[in-house]
Amino acid sequence: MKVDVLLGLQWGDEGKGKVVDVLTPHYNVVARFQGGPNAGHTLVFEGKKFVLRSIPSGIFQNDQVNVIGNGVVLDPVLFADEARDLEKQGIDIKKVLKISKKAHLIMPTHRVLDAANEKLKGDSKIGTTGKGIGPTYTDKISRNGLRIGDIEENFLEKYNAAKKRHISLLNALGETPDVDELEKKWMEGIEYIKEFDLIDSEFFINKQLKDGKSVLCEGAQGSMLDVDFGSYPFVTSSNTVCAGACTGLGLAPSKIGEVFGIFKAYCTRVGSGPFPTELFDETGATIRQIGHEYGAVTGRERRCGWIDLVALRYTIMLNGVTQLIMMKSDVLDGFETIKACDAYEINGKVTRDFPFSIEHDITPVYTEIKGWNTDMTGMTSEDQFPQEFKDYIKFLEEKLEVPITIVSVGPDREQTIVRAK
């Protein structure tokens, strides 16, 4: 058996949560492989809206096992709040969720460090969510991290040593933090985590495959936020591309099967950083309003623009995408004309390759496509698609050279159309 991987191809917020929830009935295990509570996956079904930050999106299915992998960073306070909310919905979360011992813990002082570091950047700030993600990954890479497995032995000693080091760093930055109240809730979260099945997830996942079980690996954020290949330095602190599933779960590259790449019919971005196709006009505002483009975790307005095929071809290549999933097609239902950026003009030269840096002046080279100007939210099969929308799909498949196998025409899980291959 091989694992399938599902991840975002743009700057995050592509709609991964909904798609994982739609796909999970076909899998025995759903495993989250990177990121932290800065990534919110929104799911809407049966008239209710749910936002998952750290817990895999397969949690709403009945018998599927959900795994938080070693590549994830976990905040005990936010995790406990999220898990208890799910328990109130009748989900036996302690039965279906397992947590890797090698996942790193976000400490209260990590959050303070995050804010202090962002403050130092001034006008060059990245736009972090302030959840302590960056400092936690920094500790991980510098071999100073605190892991879930540390809970089981000499935990207070390890915690206090890490806290002391953080306080020294904060003092050097001119900060004198009081984290006593934060620490109290944090320790309560640690006690709650102890009630879960803490596992060596790399052995667990590989044994599931050996036993013939199907596994879906879920990524957070989007490929354009990858720390190595994204729009650096305006990126997240982990590898959001397909390779992150290998390092974030302990899988060999040969174990990767299908790679589902999710993208919106247009493009969005949250926070700072370059965005070549961003719209600053009424069209951008209309897309934001119709698409309810506000961060699931932060509530911040998302910047909106036309679809960027240069960036999409780049992330499709990096991830080895085998199937494409297009989200929020319905947001463009009312437009007479749709635009797609098929190339960049940089210093008078036109390129279809994604450049080393997109911080400099880039002029998108657009192709205009006739809009479908039809309400598709009630459609249940591709036979009902207007011809103009079929033409848009065909145009994208030709430009991206990968089939679009699933199309979303609304936020509900029922508004998901699987196309004939």
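**Helix 11**

I started with helix 11, residues 309–319, and found it mostly covered, with 9 of its 11 residues buried. Buried here means under 20% relative accessible area, exposed means over 50%, and partly exposed is in between (1.4 Å probe, protein chains only). Helices are DSSP runs of H or I with at least four residues, strands are runs of E with at least two, and both are numbered from the N terminus.

Before going on, I noted that this is a predicted model, where local features need pLDDT of at least 70, side-chain atom pairs count only at pLDDT 80 or more, and totals for chains, interfaces and linings use all residues. I also noted that residues are numbered from 1 along each chain as its sequence is written, and that side-chain values use heavy atoms, with hydrogens and water left out.

Which residues of helix 11 are buried? I listed Leu309, Val310, Ala311, Leu312, Arg313, Tyr314, Thr315, Ile316 and Asn319. They pack against strand 1, strand 11 (256–264), strand 14 (307–308), strand 15 (323–327), strand 16 (337–346) and helix 12.

Then I checked the ends. Asp308 caps the N-terminal end of helix 11, with a side-chain oxygen 3.0 Å from the backbone nitrogen of Val310. After helix 11 comes Gly320, with a positive phi near 65 degrees.

**Gln415**

Next I looked up Gln415, in the loop between strand 19 (404–408) and strand 20 (416–418). Buried or exposed? Gln415 is buried, because its relative accessible area is 17%, below the cut-off of 20%.

What does Gln415 touch? Leaving aside neighbours within four places in sequence, I found Lys18, Thr377, Val407, Ser408, Val409 and Gly410 in contact with it, where contact means heavy atoms within 4.5 Å. A polar atom of the Gln415 side chain lies 3.0 Å from the backbone oxygen of Thr377. That is a polar contact: a pair of N or O atoms within 3.5 Å, where within protein one must be able to donate a hydrogen and the other to accept it, and residues adjacent in sequence count only if both atoms are side-chain atoms.

Most residues other than glycine have a negative phi, and most peptide bonds are trans.

Asp13 is not a glycine, yet has a positive phi of about 65 degrees. I found Asp13 in the loop between strand 1 (3–8) and helix 1 (16–23), partly exposed at a relative accessible area of 25%.

Asn373 also has a positive phi, near 45 degrees. Its loop runs between strand 18 (363–370) and helix 12 (387–400), and Asn373 is partly exposed at 41% relative accessible area.

Where is the cis bond? It joins Tyr232 and Pro233, with omega about 10 degrees. Pro233 sits in the loop between strand 10 (215–218) and helix 9 (243–249).

**Whole chain**

Last, I stepped back. I counted 12 helices and 20 strands in the protein chain. Its C-alpha atoms fill a box of roughly 65 × 50 × 40 Å along the principal axes.

Buried residues make up 56% of the 421. Among contacts between residues at least 6 apart in sequence, 77% join residues at least 24 apart.
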